[in-house]
Amino acid sequence: MWRFLFKRLISSVVTLWLLASMLFLIVNVLPGNPGRKLLGPQAPQESVDQYNTKFGADRPLLEQYGKSMKRLAKLDFGDSYATGKSVVSVVRPALFRSGKLAVLALVITIPLAIFFGIYAARRQGKFADRAVVMTGLATSSIPEFVTAAVLMSVFCVTWKFGRVFATPPPGTSVISQFRYLIFPALAMVIIYFGYIARMTRAGVINALQADYSRTATMKGLSSGRVMRRHVLRNALAPTITVISVQVGYLFGSIIGVERVFNYQGIGSIILNAVGKKDIPLLQGSVLIIGIIYMLSTLLADLLIAFLNPRIRLEQS
Amino acid sequence: MSDTSVVAAAGATAAPPSERQQARRENWRLVRRRPAFIIGLVILLVWIVCALFGTSFVPYDPFETREIAYARPGGTYYFGTDQTGRDVFSRVVVGARDVLKIAPLAAFLGVLFGVILGMFMGYVGRWFDLVSGRVVEALLSLPTILIGLLAVTTLGKSNPVVIGVVAVLFTPIVAKTVRAAVMAERDLDYVTSAKLRGESTPFIMFREILPNIWGPIIVELTIRVGYAIFVISTLSFLGAGPPPPSPEWGAQVSQGYNDLAAGFWWTTLFPALAIASLVIAVNLIADSVQAALEA
């Protein structure tokens, strides 16, 4: 088990390093002048130079790369061009807000999707099954900003159930925060429901057809017991993987939802950074999302290894 | 999915051309009968007609501004008018053009790159597979939208850039699928006999293996078209698309969503529904193609 964990950690670090290098490449692929870009064409040359020296943007690329990797190893993401504050201090509160939204979305999606996935699998080929599969296919293929915009037009503008500006003012109680967050969260639920339900359905169908399920039924176990003890244990592994992959994507799709609902999370930080060409802030926030994704897939792999001894032993 | 089609499809790999053609025809017949496929195709065709001939049948000029800003949807303006009095219906119809031009091209390029990379990863293997496998995983570890946004921001907003970025983003995903398909083929008898005949590696890859993995590649292409529409309209909503007067759907939502707070829902809702209907249509088609080709 420890060897498995160790191997998995090493490969995460390698992937993260590749990711950071790729980001560096994308950001530096065009010969740009960050000081000039940020301060605008009218700014005097001296202040542009001063700016570039301060942030090391005038050094050779290879040196910049080495420096940024070294800083990264110490989990230092640098300072924002626009405000001069450290990237972490800007990102942290926003990340917390986005996290709240993401957790609410997942708390609603996971039980709902697993329930409907199992429901569909047990009625395979019947109308209820086709309905779940088709609904999932349709809803998960629509971009989340579209779902968010439709939800907002219908529920927050026409019927006034929710809030158009979803950032709760400071000091709002947890229960009233719910009213702010529910519709942006629902926009994400609609996307992820389909993926998770389809994956659960496929896993359950596979496990139901396996010999061990048949044996369990034949030896006289009740169908509930077969489901709990034999089917679900095996069927949920792919579902867990999908959920963990989606946690990373959740932070990508949150950008659109946050923009529609005027929510001040990591998405709005990224969009602001894009608008201001604040490259360190942009790079830092994207990397932090990458790290979250790594951690969630790592956690999922461990969970699967814990549930399924075959994987645990095979890997080590 | 009748048993005969399974046999026919399985036999198709090694069968003479006439039999393989027959199997394909059989599969096509299966696809055509699915209601999901028909619905998807009808919606897609409607949007293609709008894209091609929209300018000649829309009731108003989609770019012409009028005195009546925010007219409610009704008999005169079916979908109402926007903040500068432009007719939303005409803009939605003409807006089909942009996404239908960019998305299939981006998907096609992404699949092309992905097939080439995946063929090499699966067939040549060894260190090449190991190294590119790592890079592919790193690329896959980030939400497509984020990298796309970052790349379009640094490279500049223009259609060729968006097409290129989306294609590169799709490459690793396609490569992964193609690699798996190649791995399943490369130890089969026909590959071994081609090797013994002394055929060159590129010949084996592209003339022997490629014709046998068309199924997953076509499935991947149809799925990618759907995702390309998803990614491109999202990028354009986030400000990395065509600039304001453009009737592109994502751009329209991004111009309209600020008016939602004031109660003007129609400038956002109709282009949003247009995106949703197109994406659903393409995915219904992709799902049917997948079900038929993998039968």
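**Briefing: helix α9 of chain B and its surroundings**

In α9(B), the residues B:I204, B:M205, B:E208 and B:I209 are buried. Viewed down the helix axis, these buried residues of α9(B) fall within an arc of 120 degrees, so they line one face of the helix. The model is a predicted one.

**Helix α9 of chain B**

- The exposed residues B:P202 and B:R207 sit on the face of α9(B) that is turned away from its buried side.

- Two packed helices are described by the angle between their axes and the distance between the axes.
- For helix α8 (residues 189-196) and helix α9 (residues 201-209) of chain B, the angle is about 140 degrees and the axes are 11 Å apart.
- The crossing of α8(B) and α9(B) is right-handed.
- On the α8(B) side, the residues of this contact are B:Y190, B:V191, B:A194 and B:K195, and they meet B:I204, B:E208 and B:I209 of α9(B).
- By type, the residues in the contact of α8(B) with α9(B) are five nonpolar, two charged and no polar.

**Contact between chains A and B**

- In the contact between the two chains, 41 residues of chain A touch 39 residues of chain B.
- Helices of chain A that each supply at least two residues to the side touching chain B are α1 (2-28), α6 (127-141), α7 (144-158), α10 (223-260), α11 (266-276) and α12 (279-307).
- With nine residues, α10(A) gives the most to that side of chain A.
- The side of chain A that touches chain B has 31 nonpolar, nine polar and one charged residue.

**The largest nonpolar core**

- The largest nonpolar core has 168 residues, and those touching the most other members are A:A149, A:M152, B:V166, B:A228, B:I229 and B:I232.
- What is A:M152 in contact with, leaving aside its neighbours within four places in sequence? The residues are A:V157, A:V164, A:F183, A:V260, A:F261 and B:L260.

**Chain A as a whole**

- The secondary structure of chain A consists of 13 helices and zero strands.
- Along the principal axes, the C-alpha atoms of chain A fill a box of roughly 85 × 55 × 35 Å.
- Of the 316 residues in chain A, 40% are buried.
- Among contacts in chain A with a separation of 6 or more, 73% join residues 24 or more positions apart.

Notes
Residues are numbered from 1 along each chain as its sequence is written. Chains are lettered from A and ligands numbered from 1 in the order in which they are written. This is a predicted model: local features need pLDDT of at least 70, side-chain atom pairs count only at pLDDT 80 or more; totals for chains, interfaces and linings use all residues. Axes are lines fitted to C-alpha atoms, for helices over the stretch in contact, and angles run from 0 to 180 degrees between N-to-C directions. Helices (H or I, at least four residues) and strands (E, at least two) are DSSP runs, numbered from the N terminus. A crossing is left-handed if the near helix is turned anticlockwise from the far one by less than a right angle, and right-handed if clockwise. Two residues are in contact if their C-beta atoms, placed from the backbone, lie within 7 Å. Ala, Val, Leu, Ile, Met, Phe, Trp, Tyr, Cys and Pro count as nonpolar, Asp, Glu, Lys and Arg as charged, and the others, Gly among them, as polar. A residue is buried if 20 or more other C-beta atoms lie within 10 Å of its own, exposed if 12 or fewer, and partly exposed in between; C-beta atoms are placed from the backbone. The arc is that of the directions from the helix axis to the C-beta atoms. A nonpolar core is a set of buried Ala, Val, Leu, Ile, Met, Phe, Trp, Tyr and Cys residues joined through C-beta atoms within 7 Å.
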